[in-house]
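Biologist: Please take a close look at one helix-helix contact and the aromatic residues around it. Give the cut-offs as you go.

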Amino acid sequence: MNIALHPIESRMMTVQEYLSEFGVAVFGERAPHARCPLCHEVLLLIGANSMRIPPRFSHRTRTRARCPLVRYGELPDDIAVTVTAQPTLARLQRAAYFARWQWHYGLMRDAALAPSMNITRFLALAELATQRQLWSIPALNLAYVPYILLAMAGYLPGERGYRRGGSSVRFWFDATVRDVADLHRKHEHAPRLFRAHYARPRMSRFPMQTHLFQLDEVRLDPGYLDRPMPLVSAADVQGMYDALARDGVTNYMRRRAGSILSLALQPAVDAHVIA
């Protein structure tokens with residue numbers, strides 16, 4: 001891999017930045033080790049003395065850590081939700097999430113996240129949140145819910161090579177987040193979310209670590225809810241309206257979705273809704 005956590009500080013660094021900062025100590029193996037951005041384990045610098053292969057960070061040989069970046073290791077468990085079901089609270093928080101669905105949906109479709117997201121997947125992830133009791137978490141920060149759902153989603157179609165048959169992306173929180181409750185705790189260093197890109201496998205249905213070809217850090221941005229409502233297509237609004245009708249939500253939510261739909265079906269004169 002080409003990026004890692006600084007040996008001491010909380011910032012990310014590239015191979016070249018590591019070499020520049022620690023200089024000749026790297027070649028004498030006296031430099032402190034960089035750390036894996038996901039599992040936080042020690043990384044070795046491979047190829048620093050080679051003229052044939054570019055230098056890169058790597059886990060120790062034969063490491064079997066539960067980390068998405070270990071080539072033949074095991075994947076970590078899915079992010080956990082440890083909470084007792086609270087039906088009333090769950091209904092309220094789910095309704096509050098759907099009341100701002102355009103913001104959450106727009107964020108998830110961002111180019112830096114999952115541009116292949118569509119309204120069907122968006123609704124399926126909301127249903128997954130219901131099954132996992134996510135809405136029952138007291139004081140759930142709704143601004144983090146799209147990031148949590150992306151981490152729960154598994155493999156999603158990726159934009160790299162998508163038109164040629166498809167790569168995949170998957171989202172992983174770093175080792176500071178094993179339970180959703182960890183996102184609501186104070187940390188010495190803020191939790192990180194990463195988007196992993198996978199090449200299309202030839203012999204299996206889903207990618208494995210050997211198909212990983214790029215890792216990007218995703219900036220957690222809770223301020224998106226304070227911005228103007230993002231663009232939403234008429235087809236997506238219709239899909240949401242139909243889902244809300246099937247779901248038996250409150251009359252207020254139906255009226256809200258219906259009013260947005262009426263705008264979306266008009267000529268494109270509203271700045272927030274496009275047909």
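Modeller: Helix α2 (residues 87-99) packs against helix α3 (residues 101-108) at an angle of about 70 degrees, and their axes are 5 Å apart. Helices here are DSSP runs (H or I, at least four residues), numbered from the N terminus. Axes are lines fitted to C-alpha atoms over the stretch in contact, with angles from 0 to 180 degrees between N-to-C directions. The two helices are therefore roughly perpendicular, a class that covers 65 to 115 degrees. This is a predicted model, in which local features need pLDDT of at least 70, side-chain atom pairs count only at pLDDT 80 or more, and totals for chains, interfaces and linings use all residues. Residues are numbered from 1 along each chain as its sequence is written, and side-chain values use heavy atoms, with hydrogens and water left out.

In the contact (heavy atoms within 4.5 Å), Tyr97, Phe98 and Ala99 of α2 meet Trp101, Gln102, His104 and Met108 of α3. These residues divide into five nonpolar, two polar and no charged.

Tyr97, Phe98 and Trp101 also belong to one aromatic cluster, together with Tyr105, Phe122 and Trp135. Rings of Phe, Tyr and Trp (its six-membered ring) pair if their centres lie within 6.5 Å; planes under 30 degrees apart count as stacked, over 60 as edge-to-face and the rest as tilted. Trp101 and Tyr105 are four residues apart in α3, so about one helical turn separates them. Trp101 is buried at 3% relative accessibility, and Tyr105 is buried at 2%, where buried means under 20% relative accessible area (1.4 Å probe, protein chains only).

Note on methods
Angles under 35 degrees count as roughly parallel, over 145 as roughly antiparallel, 65 to 115 as roughly perpendicular and the rest as oblique. Ala, Val, Leu, Ile, Met, Phe, Trp, Tyr, Cys and Pro count as nonpolar, Asp, Glu, Lys and Arg as charged, and the others, Gly among them, as polar. Buried means under 20% relative accessible area, exposed over 50%, partly exposed in between (1.4 Å probe, protein chains only).
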